[in-house]
Amino acid sequence: MYDYETLAVLHPDLGEAGSKELVQKMRTVLESGRAEIKKVDEWGLRELAYVIRKQRRGIYVLLEYKAEPQAVAELERQLKLNDQVLRFLSVRQIHKKALPPRRPRSDRDEHSGDVDAPEEMR
């Protein structure tokens, strides 16, 4: 199982009740695929950066969950079929390990590869 985020922009005519119903459908699709939903963030009605399907505003919803790729594919399929979803984006989160601290380079290491450095500095 991997960590995913899905951001969906819903049609503004849905209103609060309609958006909550659609979010519940999204949760149901994920839970049927044995996903663990971590967080659901409803950002509400916001201005879009550009017009999408003749709409200047949209309801933003962010889902964070842990799932198998098949569950994400099914969620995306359902979102594509729904006319109330203007746009969506699903992203797999990659948790990188912290890099070890860089060791300081000595003066000798800095100039060892320089072509233009004087002979005594190489």
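The crossing of helices α1 and α2 is right-handed, where a crossing counts as right-handed if the near helix is turned clockwise from the far one by less than a right angle, and as left-handed if it is turned anticlockwise. Two packed helices are described by the angle between their axes and the distance between the axes. In this case α1 and α2 pack at an angle of about 150°, with 8 Å between their axes, and that makes α1 roughly antiparallel to α2. The classes of angle are roughly parallel under 35 degrees, roughly antiparallel over 145, roughly perpendicular from 65 to 115, and oblique for the rest; axes are lines fitted to C-alpha atoms, for helices over the stretch in contact, and angles run from 0 to 180 degrees between N-to-C directions. On the α1 side M26, V29 and L30 take part, and they meet A71, E74, L75, Q78 and L79 of α2, contact being taken as heavy atoms within 4.5 Å.

The model is a predicted one, in which local features need pLDDT of at least 70 and side-chain atom pairs count only at pLDDT 80 or more, while totals for chains, interfaces and linings use all residues. Residues are numbered from 1 along each chain as its sequence is written, and side-chain values use heavy atoms, with hydrogens and water left out.

**The fold as a whole**

The chain contains 3 helices and 4 strands, and along the sequence these follow the pattern β-α-β-β-α-β-α. Helices (H or I, at least four residues) and strands (E, at least two) are DSSP runs, numbered from the N terminus. Of the 122 residues of the chain, 29% count as buried, a word that stands for under 20% relative accessible area, with exposed meaning over 50% and partly exposed lying in between (1.4 Å probe, protein chains only). Among contacts between residues at least 6 apart in sequence, 69% join residues that are at least 24 apart.

**The sheet and the helices on it**

Strands of a sheet pair through backbone hydrogen bonds, either parallel or antiparallel. Here 4 strands form an open sheet in the order β2-β3-β1-β4, with antiparallel pairing; two strands are taken to pair if DSSP finds at least two bridges between them. The edge strands are β2 (36–52) and β4 (85–92), each of which pairs on one side only. From one strand to the next, the twist averages 20°. Strand β1 (residues 2–10) pairs with strand β3 (residues 55–67) in the antiparallel sense over 9 bridges, and within this pairing Y4 stands opposite Y65 in β3.

Helix α1 (residues 15–32) packs on the sheet and touches β1, β2, β3 and β4, its direction making about 130° with that of β2. Helix α2 (residues 69–81) lies across β1, β3 and β4 and runs at about 170° to β4.

In strand β4 lies L86, which counts as buried at 3% relative accessibility. Leaving aside neighbours within four places in sequence, L86 is in contact with V9, L10, H11, P12, L48, I52, R53, Q55 and R57. The C-alpha atoms of L86 and I59, residues 27 apart along the chain, are separated by 9.3 Å.

**Salt bridges**

Side chains of opposite charge can pair when their charged atoms come close. The structure holds 6 salt bridges, each being a side-chain nitrogen of Lys or Arg within 4 Å of a carboxyl oxygen of Asp or Glu.

| Salt bridge | Distance, N to O |
|---|---|
| D3 and K66 | 3.9 Å |
| K20 and E42 | 3.4 Å |
| K39 and E64 | 3.9 Å |

D3 counts as buried, at 12% relative accessibility, whereas K66 counts as partly exposed, at 28%. D3 and K66 are also linked with K38 in a network of salt bridges.

The pair of K20 in helix α1 and E42 in strand β2 links distant parts of the chain, 22 residues apart. K20 is partly exposed, with a relative accessible area of 42%, and E42 is partly exposed as well, with 35%.
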